[in-house]
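Look over the entry first.

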Amino acid sequence: MANEEQIGFHKGCLDTLMKERTELLKMVSVTEQLMNLHVKGLKDLGVDLQKEMQKTDSKKLEEKMK
């Protein structure tokens with residue numbers, strides 16, 4: 001490949017990857033928003049997620065010690 005062709009190839013790849021990264025970040029943002037809405041909904045219903053996580057963590061620790 002000629003030098004100019006290689007430069008064009010790499011620039012094209014970077015452009016595509018930057019667009020894909022932008023879309024991925026949008027997906028992550030939407031996912032975070034949805035998760036936060038569900039966390040808020042559980043809190044409104046009186047569910048303490050930190051207690052739930054501590055229970056899960058302590059159960060995992062007990063299983064490892066067996």
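The questions below go from overall form to side-chain pairs.

This is a predicted model, where local features need pLDDT of at least 70, side-chain atom pairs count only at pLDDT 80 or more, and totals for chains, interfaces and linings use all residues. Residues are numbered from 1 along each chain as its sequence is written, and side-chain values use heavy atoms, with hydrogens and water left out.

Q: How far does helix α1 reach from its first C-alpha to its last?
A: Helices are DSSP runs (H or I, at least four residues), numbered from the N terminus. Helix α1 covers residues 3-44. The expected span is 1.5 Å times one less than the number of residues. That expectation is 62 Å, and α1 comes close to it with 61 Å.

Q: Which residue forms a salt bridge with Asp-44?
A: A salt bridge puts a side-chain nitrogen of Lys or Arg within 4 Å of a carboxyl oxygen of Asp or Glu. Here the closest N and O atoms are 3.1 Å apart. Both residues lie in helix α1, four residues apart. The partner of Asp-44 is Lys-40.

Q: Is Lys-19 buried or exposed?
A: Buried means under 20% relative accessible area, exposed over 50%, partly exposed in between (1.4 Å probe, protein chains only). Lys-19 has 52%, so it counts as exposed.

Terms used
Helices (H or I, at least four residues) and strands (E, at least two) are DSSP runs, numbered from the N terminus.
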